[in-house]
Amino acid sequence: MASANQDEHFFEGTEKLLEIWFTSSHNGITADLRKIQRQEWEKVLKLVKCEIISFMRNDDMDAYVLSESSMFVTKDRFILKTCGTTTLLAAVDYLVNLVKRECGYDVIEDIFYSRKNFSRPELQHSIHQSFDKEVSILDKMFIDGSAYVLGKMNKDCWYLYTLDCGGVQTPDQTIELLMWNMCSEKMKIFTKEVCKDGKEATKKSGIADIFPDMQIDDFLFDPCGYSMNAILPGGYYLTIHVTPEDHCSYVSFESNVPQKSYKSLIDKVLKVFNPAKFLMTIFANKASIAIESHKDLERVDLMPGYQRLDHQLSSFKSYNLTYTQFSRPYK
């Protein structure tokens, strides 16, 4: 996923994350995004400049490990997460038309596009070099779109684009931990020098213990780098991506598993990766059991060994959104 030569190569671990919920204006329509053929998804991903590495499914979800992160497909929801210099927004218009043509979904119930600020934005394709440019592109495709920035705009921050109207009515929640300045000892696990494959890295790192009953699809890149998807019954997923090189180390963790409190899960993830810095976002709508999960995140001393730099709670549409950033104290 990245080269070990710091002077000549840099890999942007920070992902662009797109989630779209589809529905239909016609009552009684029976549609399912999972009926779209693989070759059609490959056309979407070609526009994004990535490809499928592996695939698994259960009764509720199809999960794809990609050359640059992951894709998840359910009956009415599409999630695409891509890192590096991928061109995610170049595929959105094609995707919407594909879904309408193949499935009959003609209404976007909601859309979420988000990302952390890039470490090297100048290396991105022009459509992704600034959030203003991304918003301009999205505004041309969607009416009633709104753009937000959380955190310090001149330092580390997190961008979000979503719709003002509508909103998902079924229970929905997502937790994301974006981690950087990683522990070099932890990162060595995600290299071919230490592990022979993804399965060994998943076990040795402790990732396998986060949700012991999850169905896992993992991949260890050569010479380094790691991606994994995990799915559970009910349309729940977990995905982790690791860029282990010291000069651009980065890890992302994301899951939509519903919990009243995410404190225990957060502790597990931090134990596995031991980042020097991380930001966390938690989305939860009013139908979710996680809607009040922000309350136990309000303590300044929530994460022992870290100091809280930012903490923001936003309420909009039917969702609560919590943004928090932590850093280990400088010695």
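Modeller: A residue is called buried here if under 20% of its relative accessible area remains, and exposed if the value is over 50%. The model we discuss is predicted.

Colleague: Which residues are buried in helix α3, and why do they lie on the same side of α3?

Modeller: Helix α3 covers residues 131-141. Its buried residues are Phe131, Glu134, Val135, Ile137 and Leu138. They lie on the same side of α3 because, around the axis, they cover an arc of only 160°.

Colleague: Which residues are exposed on the other side of α3?

Modeller: The buried side of α3 is covered by elements that include β6 (107-116), β7 and β8. On the other side of the helix, the exposed residues are Asp132 and Lys140.

Colleague: What do the buried residues of α1 pack against?

Modeller: In helix α1, residues 38-48, the buried residues are Glu40, Trp41, Val44, Leu45 and Val48. Their arc around the axis is only 140°, so they are on the same side of α1. They pack against β2, β3, β4, β5 (77-82) and α2 (92-103).

Colleague: Which residue follows α1, and what is its phi?

Modeller: The residue that follows α1 is Lys49. Its phi is positive, near 75°.

Colleague: Which strands stand at the edges of the sheet, and why is one side of each left without a neighbour?

Modeller: The sheet is open and has 8 strands, paired antiparallel in the order β2-β3-β4-β5-β1-β6-β8-β7. A strand with a single partner has one side left without a neighbour in the sheet, so the strands at the edges are β2 (52-57) and β7 (145-151).

Colleague: How many bridges join β7 to β8, and how many residues stand between them in the hairpin?

Modeller: Strand β8, residues 157-163, runs antiparallel to β7, and 7 bridges join the two. Within this pair, Leu150 stands opposite Trp158 in β8. The number of residues between β7 and β8 in their hairpin is 5.

Colleague: Which residue in β4 stands opposite Val65?

Modeller: Strand β3 (residues 62-66) pairs with β4 (residues 69-73) in the antiparallel sense, over 5 bridges. Opposite Val65 stands Ser70.

Definitions and conventions:
Residues numbered from 1 in each chain as written. Predicted model: local features only at pLDDT ≥ 70, side-chain atom pairs only at ≥ 80, totals over all residues. Heavy atoms only, no water. Pairing = 2+ DSSP bridges. Helix = DSSP H or I, 4+ residues; strand = E, 2+ residues; numbered from the N terminus. Buried < 20%, exposed > 50% of the residue type's maximum accessible area, 1.4 Å probe, protein only. Arc of directions from axis to C-beta. Contact = heavy atoms within 4.5 Å.
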